[in-house]
Amino acid sequence: MTQPDHDSITTHHGEYKVPGGKLLVADLEVARAHLQKVRLSGDFFLEPDEALESINAALEGAPITLESRELSERITAALPAEITMVGISVPAIATVIRRALARASDWRDHHFTLIHRPPESPRLHMALDEILTREVAAGRRGPILRVWEWDRPAIIIGSFQSLTNEVDPDAARAEGVEVVRRISGGGAMFVEPGNTITWSLIVPESLVQGLSFVESYAFLDDWVIRALGDMGVQAWYVPINDITSPGGKIAGAAQKRLNGAVLHHVTMAYDIDADKLTRVLRIGREKLSDKGTTSAGKRVDPLRSQTGLDRDTIIQRMADSFANRFQLDTGTLSEKELEAAHQLAESKFAQPEWTGRIP
């Protein structure tokens, strides 16, 4: 952040929808590198009323260089002994202050494009994520919500995973399962056509300014949890990258940041083939063994059983939920983007050097 001139006064506005909570808004000024005229607002609940003024006063005069932890300590020291917060927390207040100072953008500041194409190969999906993230980073595209359709079963391993530790290659070949490595970290995912729901959210980094890496996962997953709630599924975020429910894990997420854009992609289980998963994924066997279970179905609760809806209906309802909250229009890939993705799929994601870069 550019330091303001000592004689200048700058105004700042920040918003933060607390995952699973309420909207928190901060309006403030910065003079001589310190906060002034701090005003918090939102649809949260706070008792006693005077606590809000105590929080505002505690932030008055704070250096803009304070990190979230230091801001939290400053707020906590000023709170009354008996206080009730519903929908917000002290760390959330610190986060909205950091977002205001960073001039973070809000969901409503952006116009999203929904891209949902016919089934494509795993390596092309990996390439599309990278190409489109670079397009958003360069400002040639606005933010994107992309729904994936798979043309074959696949294992997608994380950028830093060992290929041999994660995958049983003989079983994968026997089952006709393609193995690809993605550009984001995290764990291996097993996907099948019609049995998984996979999507990417590609946004300018300004949308997550002021958030820690862990906070950005919860922030970018919040719309999914709300969409699931619209379908009657009680779901919540589990740090760092899972969405779960009373019936078990629903989804896993991963992120990659490229040149000012954030790629956040998620795979959700709709009707997983548990037996095949344990045959092709070594890690799946270990996790099940650790839990003393013999069926992956006991660990991953598919959306089919929790919603009673077919896969296409779930996808449509999720898109509708997103569109009801934010600006979303249907779009397509340009010929240039698609050509670049095909080239990258062959030159990078189809190459053994990439897939086996960590043997």
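Let's start with one residue. Arginine 311 is buried, with a relative accessible area of 8%; buried means under 20%, exposed over 50%, partly exposed in between, using a 1.4 Å probe and protein chains only. A quick word on the model. It is predicted, so local features need pLDDT of at least 70 and side-chain atom pairs pLDDT 80 or more, while totals for chains, interfaces and linings use all residues. Residues are numbered from 1 along each chain as its sequence is written, and side-chain values use heavy atoms, leaving out hydrogens and water.

Back to arginine 311. It sits in helix α11, residues 311–325. Helices here are DSSP runs of H or I, at least four residues; strands are runs of E, at least two; both are numbered from the N terminus. What does the side chain of arginine 311 make a polar contact with? The side chain of glutamate 149, at 3.0 Å. A polar contact is a pair of N or O atoms within 3.5 Å; within protein, one must be able to donate a hydrogen and the other to accept it, and residues adjacent in sequence count only if both atoms are side-chain atoms.

Next, the sheet. It is open, with 3 strands in the order β1-β2-β3, paired antiparallel. Two strands pair if DSSP finds at least two bridges between them. The edge strands are β1 (9–17) and β3 (34–42), each pairing on one side only. Strand β2, residues 23–31, pairs with β3 over 7 bridges. Leucine 24 stands opposite glycine 42 in β3.

Last, the domains. Domain 1 covers 10–102 and domain 2 covers 107–356; these bounds come from an automatic or database domain assignment. Their C-alpha centres lie 34 Å apart.
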